[in-house]
Amino acid sequence: MYNLVMEFTKALIKGKLIKRYKRFFADIKLNNEIVTAHCPNTGSMKGLLDEGNHVFISKNDDPKRKLKYTLEIIQVKKNLVGVNTHFANKIAYHGLSNNLVKEVSNNDSIKPEVFFDKETRFDFLIKKNNQKIFVEVKNVTLFREEKIAEFPDAVTTRGSKHLKTLIIATEKGYKSYLLFLIQIEGVESFKIAKDIDKEYYKNYLLAKKAG
């Protein structure tokens, strides 16, 4: 595991979660005011959405935006959890381009959002010493045990499809990596949540065996 400290360009505002609804909306209590923030995470966010959890939101003064606030972090069990999935690939790109991931360090080029076939696009195509490498990023926000992160937090047929396609890419001569980006403070290890999605765990084992 690689540990990075994330810094925000603007100060965040602390509040309390009232509820998340319709996937994209979260009502937040700021002192005596209730605001609706954009929720940039459409996943289940299992274990994060208890009413009263402390949250941190950012404010955007762009007049074109309907919602002025964005939900960035939820605090659970004293752990800060980054829930803005829009940051996932930006964080991964920072790590890849600054040689912070040793498996693909000192690469020649990094290209985001590259199609492997007509149906599947991976997050990054890296070239290193004439070797083409696909990197697919998965954002991790689930932790049910102390200091252990898990993925997925719900059944993910899309995730299984990506695993199967990475296997095909490996068979065609690409190197393939799955990068689990854990936006959870204080965790020390990671595992697949096989009780949540047995099919994903099965495909994960197949992908691991395939290299």
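Guide: Start with helix H2: 15 residues, reaching 21 Å from first C-alpha to last, close to the 21 Å expected at 1.5 Å a residue. The expected span is 1.5 Å times one less than the number of residues. Helices (H or I, at least four residues) and strands (E, at least two) are DSSP runs, numbered from the N terminus. The model is predicted: local features need pLDDT of at least 70 and side-chain atom pairs pLDDT 80 or more, while totals for chains, interfaces and linings use all residues. Residues are numbered from 1 along each chain as its sequence is written, and side-chain values use heavy atoms, with hydrogens and water left out.

Visitor: Which residues of H2 are buried?

Guide: The general idea comes first. An α-helix has 3.6 residues a turn, so residues three or four places apart point the same way. Next, the cut-offs: buried means under 20% relative accessible area, exposed over 50%, and partly exposed in between (1.4 Å probe, protein chains only). In H2 the buried residues are Gly 159, Ser 160, His 162, Leu 163, Thr 165, Leu 166, Ile 167 and Ala 169.

Visitor: What do the buried residues of H2 pack against?

Guide: They pack against strands S8, S9 and S12 and helix H3. Contact here means heavy atoms within 4.5 Å. Look just past the end of H2 as well: Gly 173 takes a positive phi of about 105° there.

Visitor: Where do residues other than glycine take a positive phi?

Guide: Asn 31 is one case, with phi near 55°. Asn 31 sits in the loop between strand S2 (25–30) and strand S3 (33–38). Its relative accessible area is 71%, so Asn 31 is exposed. Lys 78 is another case, at about 70°. That residue belongs to the loop between strand S5 (69–76) and strand S6 (79–82). Lys 78 is exposed too, at 74%.

Visitor: Ser 105 is also in a loop. Is Ser 105 buried or exposed?

Guide: Buried, because its relative accessibility is 12%. Its loop runs between helix H1 and strand S7 (109–115). Leaving out residues up to four places away in sequence, Ser 105 touches Asn 99 and Lys 128.

Visitor: Which residues and elements line the second largest pocket?

Guide: The lining has 31 residues; Val 137, Lys 138, Asn 139, Phe 151 and Arg 158 lie nearest the centre. H1 (88–97), S8 (121–128), S9 (131–140), S11 and H2 (157–171) each supply at least two lining residues. S9 gives the most, with five. By class, the lining has eight nonpolar, 13 polar and 10 charged residues. Ala, Val, Leu, Ile, Met, Phe, Trp, Tyr, Cys and Pro count as nonpolar, Asp, Glu, Lys and Arg as charged, and the others, Gly among them, as polar. Pro 152 is in the loop between S11 and H2.

Visitor: How many salt bridges are there?

Guide: Side chains of opposite charge can pair when their charged atoms come close. The rule asks for a side-chain nitrogen of Lys or Arg within 4 Å of a carboxyl oxygen of Asp or Glu. By that rule there are seven. One of them joins Arg 121 and Glu 113, at 2.9 Å from N to O. Arg 121 is partly exposed at 41%, and Glu 113 is partly exposed at 38%.

Visitor: Which parts of the chain does the Arg 144 and Asp 195 pair link?

Guide: Their closest N and O atoms are 2.8 Å apart. Arg 144 is in strand S10 (142–145), and Asp 195 is in the loop between strand S13 (189–192) and H3 (198–210), 51 residues apart. Arg 144 is partly exposed at 35%; Asp 195 is exposed at 53%. Arg 144, Glu 150 and Asp 195 form a network of salt bridges.

Visitor: What does the bridge between Glu 188 and Lys 147 tie together?

Guide: The closest N and O atoms of this pair are 3.6 Å apart. Glu 188 lies in the loop between S12 (175–182) and S13, and Lys 147 in the loop between S10 and S11 (148–151), so the bridge ties together parts 41 residues apart in sequence. Glu 188 is exposed at 57%, whereas Lys 147 is partly exposed at 37%.

Notes: 1 Å grid on protein atoms, 1.4 Å probe; cavity = no way out; pocket = protein on both sides within 12 Å on 5 of 7 lines; lining within 4 Å.
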